[in-house]
Amino acid sequence: MDIGKAFTYIAEDEKWVEKLGVGALIGFIPIANFAVFGYQVQIARNVWRGEKRPLPTWDEFGKLFVDGLRIIGAMMVYMLPMILIYSVMMIGLVAFTVMAESGAYAPTAAGNDEFIGIMIFMMSISILCLMPYMLLIWLLYPLFFIRIARHSSIKSCFALRDMWAMVKAQPANYLLVVGVIFGVYIAISIVMMPIYLVAMFIPCIGFFIMMPITGGMTILVSAVSGHLEGQFILEGDGSSALDDLEIEPI
């Protein structure tokens with residue numbers, strides 16, 4: 001895999017400023033920014049197909065948006081266990097608070113401290129138990145884009161046997177993809193942190209300054225990630241994308 005190419009190919013496109021500029025604007029518009037995920041999927045497809053200029057235009061916004069919804073849908077399903085556990089914990093905490101304030105339950109100071117201690121203990125245990133699962137989702141994250149780019153179906157993100165087979169066929173390459181994407185996120189976070197801190201002290205205007213910058217960073221990460229994911233498909237597939245592309249319903 002050519003890691004450097006995932007970064008340099010962007011500037012090789014004569015219209016890269018226009019394409020990423022539009023993506024940056026879309027990136028901070030709620031709901032519409034789902035299309036950025038679809039944009040990443042389309043980049044992976046274009047790399048797989050051997051397109052000379054993998055950066056797509058935004059002409060087919062609807063298609064990009066639908067692919068983005070597929071990514072969001074897959075992620076939400078995988079995150080359901082975490083959502084449910086946190087929801088139960090929060091409902092219990094809110095119920096206790098409401099009962100205490102309404103007088104329906106008036107615990108002693110010792111009892112109150114004991115309850116809070118139990119809640120903290122349970123939340124800590126829940127977080128510790130969920131950490132391996134959160135790590136698993138992070139490891140699977142690039143695979144969602146790879147599967148949807150390859151099959152155009154959210155169902156492909158739940159074919160665990162096939163997903164494992166893809167990773168098992170080239171584990172080093174997949175870990176490389178995950179590592180580089182993770183590294184890019186860390187690097188962007190380090191760069192953005194001081195900018196965010198400065199913007200926080202600029203009343204009103206600071207928020208509007210950060211919106212396009214955040215959108216720009218998001219689309220840049222998507223551009224790099226999409227190229228790496230497309231390379232991964234090529235490395236493991238080797239055949240013509242146009243011959244092998246499987247189009248399935250959502």
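Trp138 and Tyr141 both sit in helix 5 (residues 109-151), three residues apart, about one turn of the helix. Helices here are DSSP runs of H or I with at least four residues, strands are runs of E with at least two, and both are numbered from the N terminus. This is a predicted model: local features need pLDDT of at least 70, side-chain atom pairs count only at pLDDT 80 or more, and totals for chains, interfaces and linings use all residues. Residues are numbered from 1 along each chain as its sequence is written, and side-chain values use heavy atoms, with hydrogens and water left out.

**Aromatic pairs**
- The structure holds eleven aromatic pairs. Rings of Phe, Tyr and Trp (its six-membered ring) pair if their centres lie within 6.5 Å; planes under 30 degrees apart count as stacked, over 60 as edge-to-face and the rest as tilted.
- Phe61 and Phe65 are stacked, because their ring centres are 6.2 Å apart and their planes meet at 20°.
- Trp138 and Tyr141 also form a stacked aromatic pair, at 5.9 Å centre to centre and 5° between the planes.
- Phe61 and Phe65 both belong to helix 4 (residues 61-102), four residues apart, about one turn of the helix.
- An α-helix has 3.6 residues a turn, so residues three or four places apart point the same way.
- One aromatic cluster is formed by Phe37, Trp138, Tyr141, Phe145, Phe182 and Tyr185.

**Exposure of the ring residues**
- Buried means under 20% relative accessible area, exposed over 50%, and partly exposed in between (1.4 Å probe, protein chains only).
- Tyr141 has 9% relative accessibility, so Tyr141 counts as buried.
- Trp138 has 27% and therefore counts as partly exposed.
- Phe61, at 31% relative accessibility, is partly exposed too.

- Helix 6 (residues 160-169) has Met163, Met166 and Val167 as its buried residues. They lie on the same side of helix 6, because they cover an arc of only 95° around the axis. The arc is that of the directions from the helix axis to the C-beta atoms.
- Turned away from that buried side is a face with the exposed residues Arg161, Trp164, Lys168 and Ala169.

**Whole protein**
- The protein has nine helices and zero strands.
- Of its 250 residues, 38% count as buried.
- Among contacts with a separation of 6 or more, 77% join residues 24 or more positions apart. Contact means heavy atoms within 4.5 Å.
- The accessible surface comes to about 13,700 Å², and 74% of this belongs to carbon and sulfur atoms. Areas come from the Shrake-Rupley method with a 1.4 Å probe; for residues, only the protein chains shown count as cover.
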